[in-house]
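Visitor: I have a model open on my screen and would like to talk it through with you. Shall we take it piece by piece?

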Amino acid sequence: MKTKIYQIYLSFARKYGSPKEFWREWCKSGKTRQNREEIVLGAILTQRTNWRNVEKALKNLKEARVLSIEKIYKIGKNIELLEKLIKPSGFYKQKAKRIYQFCEFIVKNHGSLEKFFKQDLEICREQLLKISGIGPETADSILLYAGNKPIFVIDEYTRRLVKKRKITDKLSYDHLQQLFQQNLPKDIKIYQDFHAMIALDGREKIKKIV
DNA sequence: ACCCAGGTGGCCC
DNA sequence: GGGCCACATGGG
């Protein structure tokens, strides 16, 4: 596979080291959560928000001992408590609602995240997109990083990369996702690594300019 | 005092 | 199908 996109992946892999090393660094920097539930909650909390603020919200949830889908579902009636805990992540009223609805969906319809992810990728994605507040990027982040399913995540950094490298002019989510998936081996690790490296690279460049 | 940060849904045309 | 807006906090 010698396409532009694959070449960029290879050059990033050379630059940032093997996936194994890369993820070790990534984990050290605190960007990765140990369990699926934290990854999912982080995916919603990080919408249009920097990771530092998300960390604060997750820390509050952890210290309040409600950092789990089941527990958030249980405190759901007290939405104001949830709002207060996640306040540092911004858009906290919306996000509290979104997080609660997600937890409610999982508990009521599947019992647990594990059971939810036992379904096929397409079914999972369809169900996630039905939840208000979960759009394509959040759904795919959840599927790729918490569910270990082969789907490529498109985000703002990916769009910047596509523009800068003049890969295509059509920037719609679905088109970009198909383009990346068609031009990369269908491999969960590659999808995870490449998306993470695109974000890392994007942040470095922003830093340099500033 | 600005400007930005890994989105989403609602509204308009 | 695309453009614009509200949503809110913390850091540079």
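Visitor: In which loop does Lys166 lie?

Guide: Happy to start there, with the reminder that this is a predicted model. Lys166 has a positive phi, near 50 degrees, although this residue is not a glycine. As for its place in the chain, Lys166 sits in the loop between H11 and helix H12 (173-182).

Visitor: What is the phi of Phe91?

Guide: Here is some background to begin with. Most residues other than glycine have a negative phi. Phe91, in the loop between helix H6 (79-86) and H7, is not a glycine, yet its phi is positive, at about 45 degrees.

Visitor: Which element gives the largest share of the surface near DNA strand C?

Guide: Around DNA strand C there are 13 residues, and Phe91 is among those that come nearest, together with Pro88, Gly90, Lys93 and Gln94. Helix H4 (51-63) and helix H7 (92-109) are the elements that give two or more residues to this surface. By class, the surface has 3 nonpolar, 6 polar and 4 charged residues. The largest share, 3 residues, comes from H7.

Visitor: And which element gives the most to the surface near DNA strand B?

Guide: DNA strand B is surrounded by 23 residues, the closest being Gln47, Arg48, Gly135, Glu137 and Thr138. They divide into 7 nonpolar, 11 polar and 5 charged. At least two residues each come from H10, helix H11 (156-164) and helix H13 (188-209). With 4 residues, the one that gives the most is H10.

Visitor: How are H3 and H10 oriented to each other?

Guide: The axes of helix H3 (residues 36-45) and helix H10 (residues 136-146) come within 9 Å and cross at roughly 160 degrees. Angles over 145 degrees count as roughly antiparallel. H3 and H10 are therefore roughly antiparallel.

Visitor: How many nonpolar residues does the contact of H3 with H10 have?

Guide: On the H3 side we find Arg36, Ile39, Val40, Ala43 and Ile44, which meet Thr138, Ser141, Ile142, Tyr145 and Ala146 in H10. In this contact 2 residues are polar and 1 is charged, while the nonpolar ones number 7.

Visitor: How are H9 and H10 oriented to each other?

Guide: Helix H9 (residues 121-130) also has an axis that comes within 9 Å of the H10 axis, and the two cross at roughly 140 degrees. The cut-off for roughly antiparallel is over 145 degrees, and roughly perpendicular runs from 65 to 115. H9 and H10 are therefore oblique.

Visitor: What is the handedness of the crossing where H9 passes H10?

Guide: Let's look at the residues that meet there. Leu121, Cys124, Arg125, Leu128 and Leu129 in H9 meet Ala139, Ile142 and Leu143 in H10. By class, this contact has 7 nonpolar residues, no polar ones and 1 charged. The crossing of H9 with H10 is right-handed.

Key:
Residues are numbered from 1 along each chain as its sequence is written. Chains are lettered from A and ligands numbered from 1 in the order in which they are written. This is a predicted model: local features need pLDDT of at least 70, side-chain atom pairs count only at pLDDT 80 or more; totals for chains, interfaces and linings use all residues. Axes are lines fitted to C-alpha atoms, for helices over the stretch in contact, and angles run from 0 to 180 degrees between N-to-C directions. Angles under 35 degrees count as roughly parallel, over 145 as roughly antiparallel, 65 to 115 as roughly perpendicular and the rest as oblique. Two residues are in contact if their C-beta atoms, placed from the backbone, lie within 7 Å. Ala, Val, Leu, Ile, Met, Phe, Trp, Tyr, Cys and Pro count as nonpolar, Asp, Glu, Lys and Arg as charged, and the others, Gly among them, as polar. A residue is near a molecule or strand if its C-beta atom, placed from the backbone, lies within 6 Å of it. A crossing is left-handed if the near helix is turned anticlockwise from the far one by less than a right angle, and right-handed if clockwise.
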